[in-house]
Amino acid sequence: MKARIISTGYFLPERILTNKDLEKMVDTTDEWITKRTGITERRIASEEEASSDMGTRASQMAIENAGIKANEIDAVICSTITPDHFFPSTACLIQHNLRIKDAYAFDLSAACSGFLFALNTAESMLLSGKADTVLVVAPEKLSSITDWKDRSTCVLFGDGAGAAILKKDESGNGIQSTYLKSDGAFGDLLMVPAGGSRMPASPETIEKRQHYLKMKGNEIFKVAVKSMIKAAKHVIKDAAFKPEDIKALIPHQANMRIINAIEKRLSLKDEQIFVNLDKTGNTSAASIAISLGELESSGGLKEGDKVVLVSFGGGLTWAGIALTW
Ligand code: ACO
């Protein structure tokens, strides 16, 4: 018995912010951003659009693709670092928007690894009999915590949402292996310092711009490459996949140089690596969820295809999941 993704969905807001637009906002160039990250544009949600709105749209697509009624879902897990509020959870808001009545819903926080951590939780809930149909949704409005005066971070992030519905399956297809790790010792490399109980909001924290995401990007870079390679190797071995048989490896979409390093170290070919960060930027927990949704809806996945998901993010957290479609 395996936990299997039966459908996916994704949502990207309409507004496109290009590197050329950013040249007018901060001291940067299209050339620097493209060369150092691979990003050329990203989507930005409107003022009225919160994470729960985007998560609802992605979930509606996943429900439609699954051919089920929303009320068949008995658990909703939402992973986001940009919740609508501290509480109620964004999962509860999405549950309500979808008119799901007889279910339990909660948020799970693991930054850019959130979608994979949530898939792992869904797998445990399904295999232990705690749920029959689980909606995993990862919406992010990173533009709401981006410091638009900080060129070292504001060029990197974008908004969007992805969703997946999981059920138990006896065919042997589904999640084959998972690998999840975190190391809180490096928590300060990537964080939003203020607004929580450690440093509640005050005029001073606002003046110091401490409600925005801070990242020591170059320190994270090396750890990201090493950890993602380790996670990918681990799940590929545990699932007994041959690298040449992998249909798609979907890495967290943070930086093309990180993705290239993973491809090289795993001896994979360009066509085995899914990339959309040129058009989406880094959408944190939504990144792999959107990628999976785009790949499925473009007809890029057939039953039995071997897929590897690999993530890295704040916490620090990193994870891998190997599955057969
Ligand atoms: N435009 C022009 N110059 C810039 C910009 C910019 N937008 N940003 C930084 N620079 C400058 C810096 O000031 C620095 O100048 P200096 O040499 O004169 O001091 C120079 O460019 C190099 O800066 P670095 O930070 O060393 O650049 P690097 O090559 O490391 O690229 C980046 C930065 C893109 C952030 C990279 O380090 C990265 O991708 N890191 C990993 C990010 C990641 O994976 N995060 C985890 C997931 S995110 C999450 O969990 C929410």
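Lys208 and Glu204 form a salt bridge in this predicted model, with their closest N and O atoms 3.0 Å apart. Lys208 is partly exposed, at 49% relative accessibility. The structure holds 7 salt bridges, and among the residues involved are Asp169 and Arg4 as well as Asp27 and Arg151. The briefing then turns to the packing of helices H3 and H4 and to two residues of helix H10, Leu277 and Thr280.

**Salt bridge between Asp169 and Arg4**

- Asp169 pairs with Arg4 in a salt bridge whose closest N and O atoms are 3.0 Å apart.
- A network of salt bridges links Arg4 and Asp169 with Glu303.

**Salt bridge between Asp27 and Arg151**

- The side chains of Asp27 and Arg151 form a salt bridge, with an N to O distance of 3.6 Å.
- Asp27 is located in the loop between helix H1 (19-23) and helix H2 (30-37), while Arg151 is part of helix H6 (residues 151-154); the pair therefore ties together parts that are 124 residues apart in sequence.
- Asp27 is exposed, its relative accessible area being 61%.
- Arg151 counts as partly exposed, at 47% relative accessibility.
- As a general point, side chains of opposite charge can pair when their charged atoms come close.

**Packing of helices H3 and H4**

- The axes of helix H3 (residues 51-66) and helix H4 (residues 90-97) come within 9 Å and cross at roughly 50 degrees.
- H3 is therefore oblique to H4.
- The two helices, H3 and H4, cross in a right-handed sense.
- On the H3 side, the contact involves Ser51, Ser52, Gly55, Thr56 and Ser59; on the H4 side, Thr90, Leu93, Ile94 and Asn97 take part.
- Classified by residue type, the contact of H3 with H4 comprises 2 nonpolar, 7 polar and no charged residues.

**Leu277 in helix H10**

- Leu277 lies in helix H10 and counts as buried, with a relative accessibility of 0%.
- Leu277 and Gly38 are separated by 239 residues in sequence, yet their C-alpha atoms are 7.0 Å apart in space.
- When residues up to four places away in sequence are not counted, Leu277 touches Thr37, Ile39 and Glu41, and also Gln253, Ala254, Asn255, Met256 and Ile259.

**Thr280 in helix H10**

- Thr280 is found in helix H10, which covers residues 277-280.
- Thr280 also counts as buried, its relative accessibility being 4%.
- Neighbours within four places in sequence left aside, Thr280 is in contact with Leu12, Glu41, Arg42, Arg43 and Gly158.
- Glu41 is among the contacts of Thr280 and among those of Leu277.

Note on methods
Residues numbered from 1 in each chain as written. Predicted model: local features only at pLDDT ≥ 70, side-chain atom pairs only at ≥ 80, totals over all residues. Heavy atoms only, no water. Salt bridge = Lys/Arg side-chain N within 4 Å of Asp/Glu carboxyl O. Helix = DSSP H or I, 4+ residues; strand = E, 2+ residues; numbered from the N terminus. Buried < 20%, exposed > 50% of the residue type's maximum accessible area, 1.4 Å probe, protein only. Axes fitted to C-alpha atoms, helices over the stretch in contact; angles between N-to-C directions. Parallel < 35°, antiparallel > 145°, perpendicular 65-115°, else oblique. Left-handed = near helix turned anticlockwise from the far one by under 90°. Contact = heavy atoms within 4.5 Å. Nonpolar A, V, L, I, M, F, W, Y, C, P; charged D, E, K, R; others polar.
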